[in-house]
Amino acid sequence: MTAPDLIVALYPPPVRERWGDEIGREIDERGARSWADAIGGALRLWLHPSDWPETTAGQTRRVLTAALFAVVAAVALLLRASAPAGAWWLAPILAGALLAAPLPRLRALPGIAAASVRTMAAPTAGGLAMIALANSGLVDRPAGFAAVLLLAYYWATLAFIAVRLCTLVARVLRLGIVPTRRRLRAALLLVGAGTALAAAQCLLAGGLLVTVVLAALAAVALHAGQDLRGPAR
């Protein structure tokens, strides 16, 4: 994969589908000096979903919903790593996730169930294996390479579960009822507010790097939610 291809992949899916070839050609023609501007353009478009084109009805809301759950998963992993005291950030994030959750159609329930099994079988097995290992008594005080290996397995399992959950949400969005614009806007603002609270909590605990990443995620969610005040999509 070339550098222009990687940069084009940063753009929101509706933009890639409509103008991806043109953006890629322009980046290729202008060379490396255009990379920073192109990446900045991709980031700006994520902040302005009302500017996205739509090739199918509800595409903007589907993409934003999937992106919102990706943000929730990233926030959960970051906060698990930093383990700040207290959890007052949790309520708005959970409320936002519930608001944005796609509603199943009755006739699509068999398809959703099948997609759930296909998507979550492997991460569920990995999670159960991790729990079984932790409660087996075999690794009470690991040291050296064993400790590193177990820690890597733990975080790889959590990351795998998070990725597959986001994949499941994306698949259910194709089968279920996409959240309305009003619900999605409220969900983005709630998740953004909860993430901002989590960033403040991490700052008080002294976790500067995690604070910066959380603050950036909060800013993206809040800005995208505010942008949804524009014309309906």
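Reader: Which residues in H2 meet which residues in H3?

Author: Contact means heavy atoms within 4.5 Å. On the H2 side, the residues are Pro 13, Val 15, Ile 27 and Arg 30. On the H3 side, they are Trp 35, Asp 37, Ala 38, Leu 45 and Trp 46. By class, seven of the contact residues are nonpolar, none is polar and two are charged. The classes work like this: Ala, Val, Leu, Ile, Met, Phe, Trp, Tyr, Cys and Pro are nonpolar; Asp, Glu, Lys and Arg are charged; the others, Gly among them, are polar.

Reader: What kind of model is this, and how are residues numbered?

Author: This is a predicted model, with residues numbered from 1 along each chain as its sequence is written. Local features need pLDDT of at least 70, side-chain atom pairs count only at pLDDT 80 or more, totals for chains, interfaces and linings use all residues, and side-chain values use heavy atoms, with hydrogens and water left out.

Reader: How is a packed helix pair described?

Author: Two packed helices are described by the angle between their axes and the distance between the axes. Axes are lines fitted to C-alpha atoms, for helices over the stretch in contact; angles run from 0 to 180 degrees between N-to-C directions. Here, H2 covers residues 13-30 and H3 covers residues 35-47. They pack at an angle of about 165°, with axes 11 Å apart.

Reader: Which orientation do H2 and H3 have?

Author: Angles under 35 degrees count as roughly parallel, over 145 as roughly antiparallel, 65 to 115 as roughly perpendicular, and the rest as oblique. H2 and H3 are therefore roughly antiparallel to each other.

Reader: Is the crossing of H4 and H5 left-handed or right-handed?

Author: A crossing is left-handed if the near helix is turned anticlockwise from the far one by less than a right angle, and right-handed if clockwise. H4 and H5 cross in the left-handed sense. H2 passes H3 in a right-handed crossing.

Reader: Where do the axes of H4 and H5 lie, and which residues meet?

Author: The axes of H4 and H5 (residues 90-100) come within 10 Å and cross at roughly 155°. H4 and H5 are therefore roughly antiparallel to each other. Thr 65, Leu 68, Phe 69, Val 72 and Val 75 of H4 meet Ile 93, Gly 96, Ala 97 and Ala 100 of H5. That contact has seven nonpolar, two polar and no charged residues.

Reader: What about H6 and H7?

Author: H6 spans residues 109-134 and H7 spans residues 145-175. Their axes come within 9 Å and cross at roughly 170°. H6 and H7 are therefore roughly antiparallel to each other. Their contact residues divide into 18 nonpolar, seven polar and three charged.

Reader: How many helices and strands are there?

Author: Helices (H or I, at least four residues) and strands (E, at least two) are DSSP runs, numbered from the N terminus. The protein has nine helices and zero strands. Its pattern along the sequence is α-α-α-α-α-α-α-α-α. The C-alpha atoms fill a box of roughly 55 × 50 × 35 Å, taken along the principal axes.

Reader: What share of the residues is buried?

Author: Buried means under 20% relative accessible area, exposed means over 50%, and partly exposed is in between (1.4 Å probe, protein chains only). Of the 233 residues, 36% count as buried. Accessible areas come from the Shrake-Rupley method with a 1.4 Å probe; for residues, only the protein chains shown count as cover. The protein exposes about 12900 Å², and carbon and sulfur atoms supply 69% of it.

Reader: Is Asp 227 buried or exposed?

Author: Asp 227 is buried, at a relative accessible area of 14%. It sits in helix H9. Leaving aside neighbours within four places in sequence, Asp 227 contacts Leu 47, His 48, Pro 49, Ser 50 and Arg 181. Ser 50 lies in the loop between H3 and helix H4 (59-82). Ser 50 is buried too, with a relative accessible area of 15%.

Reader: And what of Thr 211 and Trp 155?

Author: Thr 211 lies in H9 (residues 208-227). Thr 211 is buried, at 9%. Not counting residues up to four places away in sequence, Thr 211 touches Ala 199, Cys 202 and Leu 203. Trp 155 is in H7. Trp 155 counts as partly exposed, at 28% relative accessibility. With the same exclusion of residues up to four places away, Trp 155 touches Leu 77, Arg 80 and Ala 81.
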